[in-house]
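Keep the viewer open while you read.

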Amino acid sequence: MPVGADVDIVTARQKGRELAAQCGLSSTDLAVVATAISELARNIVRYAVRGEIVLRRVENGTKRGIEVVATDDGPGISDVPLAMQDGYSTSGGLGLGLPGVRRLMDEFDIVSRFGKGTTVTVKKWRR
Amino acid sequence: MNSVLEELATEYTAALRDYLDGRGEIALQQAYDVGRKTLAKGLGVLDMATIQHRALVKCLLKAHTPREGSQTLRAVKKFFVESLLPFEMSHRRIQEVNVALRESERRYRDLVENARDVIYTLSTDGTIRSLNPAFEAMTGWSGADWLGQEFGRLIHPDDLPRAAALFQAVLHGQAPPTFELRIRSLSGSYIPGEFVATSQTQGGRVVGVLGIARDITDRKRAEEALLHLNEALEAEVGRIAHALHDEAGQLLASVHIVLADIARELPSHASRRLQEVRGLLDKIEEQLRHLSHELRPTILDDLGLGPALEFLADGVSRRTGLLISVEGSPDKRLPAATETALYRIVQEVLTNVTKHAQATRVRIRFQRDGRLLRCSIRDNGVGFDVLAATTRRGSRGLGLLGIQERLNAAGGTLNIHSAPGSGTELVITTPAEA
């Protein structure tokens, strides 16, 4: 689903919560997934203006879970390890933002090319 | 409840009411945002609990039926999770930071514990705050026994005034890069230590001193051995100079007297031939005297470095044709060891120039700079690659090494400026006072 304004963030959270519930995640983890979507979508709106969020069920052997892929075609991040450090962005200083998402989720992957946009892929498995 | 908390509580309660009115995700997002704001304002989890409680009470009071009541409780539970998630992220960050800190602390501790140099910290009043195990290995004292004691008790009494001045200088960020002090060991002997120290600051305020002390007994021994060796060499050279000047000179004088006797008994043409031989003998005597003076110039002892160097330059000029000028002078007499060292260095340099430089001119210049004496020796020869010459083990490398070591023993330094094709300048700096 496209993300370009704050109202889209709410929609994405709603859908994420629904899909996570279908995957059998606990009610606390539903909120965790919604939070990850919030932070990822917030980044898109703030730094890239627009992009999209794709939600997917994933399986790995006996594990079941949800995958959130946030993609934008914004300016990209020139130094990803730096951007992943706490305190790099305004929200990062408190441990929020991308570093916060990494710590909340079970898997985290980021690909960014300077000038070509950024893709963040995160997963949360059913416990 | 302060105004910030009040405002957040109002926003949170409004969102909870919205949720109860069926506005769903947008209200949950607001709960999350309030949590985020609360965290960003520097408030804590307990403040969030206060906000939560306030909203819970307000909404429960409006519930008219048990069903509405349990709906409210379920909503409140969801809200609490949302609003706590920012705190959870922050909490996990702190956990991660703590693990990283512990790891980094362990690495540094290993470094300090295993270092062979003593690593210590002092408080601003000079009491010892920490010592690593190297302290015990070096001094024999138990480190724990010295914690809280005044560091001056570990310093040689003669070094104490200087140690106190250095301590203040370090606190004010004005200490020299390294300094030497003698450390008292358990056995009562003193260990020569080389120190590096810096002030420790906390929030811009100086809170103490961090230092490293190294046992330089071996280096001191080597320097002393070199000094003795040089002294022995000087004595030996003096003996040879004496033999050349006095003993050989006396023999030559006797030869003169005998020849004069013989000349009287000979016919005049033969006597003239003998006169030529006496002329040659005079030249030999002159050369012997000169050689003897260069070996151990009495002029150095009697008149000092300036005249001795003029004499040396004159001799070398005459032998080799080099134009040598001596400009400036050390002004006053230097410590004897320094004068001898400088004389030998200039001698060695002039030998080098004669052998390798293909120079036509050499300029020796003295300058006093406060308590330091600067001596520059510059030639217009072919020059050389300084780095290659000082790192290779050739004869010239050794010559420079010898100069360097002589200077170290006299507390001086050597700088060499040279490049192939552009001449050579050696700059020697030594303390001008003992």
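This is a predicted model: local features need pLDDT of at least 70, side-chain atom pairs count only at pLDDT 80 or more; totals for chains, interfaces and linings use all residues.

Residues are numbered from 1 along each chain as its sequence is written, while chains are lettered from A and ligands numbered from 1 in the order in which they are written.

Chain B has an open sheet of five strands in the order 6-7-8-10-9, with mixed pairing. Strands (E, at least two residues) and helices (H or I, at least four) are DSSP runs, numbered from the N terminus, and two strands pair if DSSP finds at least two bridges between them. Strand 6 and strand 9 of chain B sit at the edges with a single partner strand each, so one side of each has no neighbour in the sheet. From one strand to the next, the twist averages 15°, with axes fitted to C-alpha atoms (for helices over the stretch in contact) and angles from 0 to 180 degrees between N-to-C directions.

Strand 6 of chain B runs parallel to strand 7 of chain B, joined by five bridges; one pairs B:L323 with B:R361. Across both strands lies helix 11 of chain B, at about 170° to strand 6.

| Element of chain B | Residues |
|---|---|
| Strand 6 | 323-327 |
| Strand 7 | 361-369 |
| Strand 9 | 413-418 |
| Helix 11 | 305-320 |

As for the interface, 18 residues of chain A are in contact with 18 residues of chain B (C-beta atoms, placed from the backbone, within 7 Å). On the chain A side, helix 2 supplies the largest share, six residues.

Technical notes. Two residues are in contact if their C-beta atoms, placed from the backbone, lie within 7 Å.
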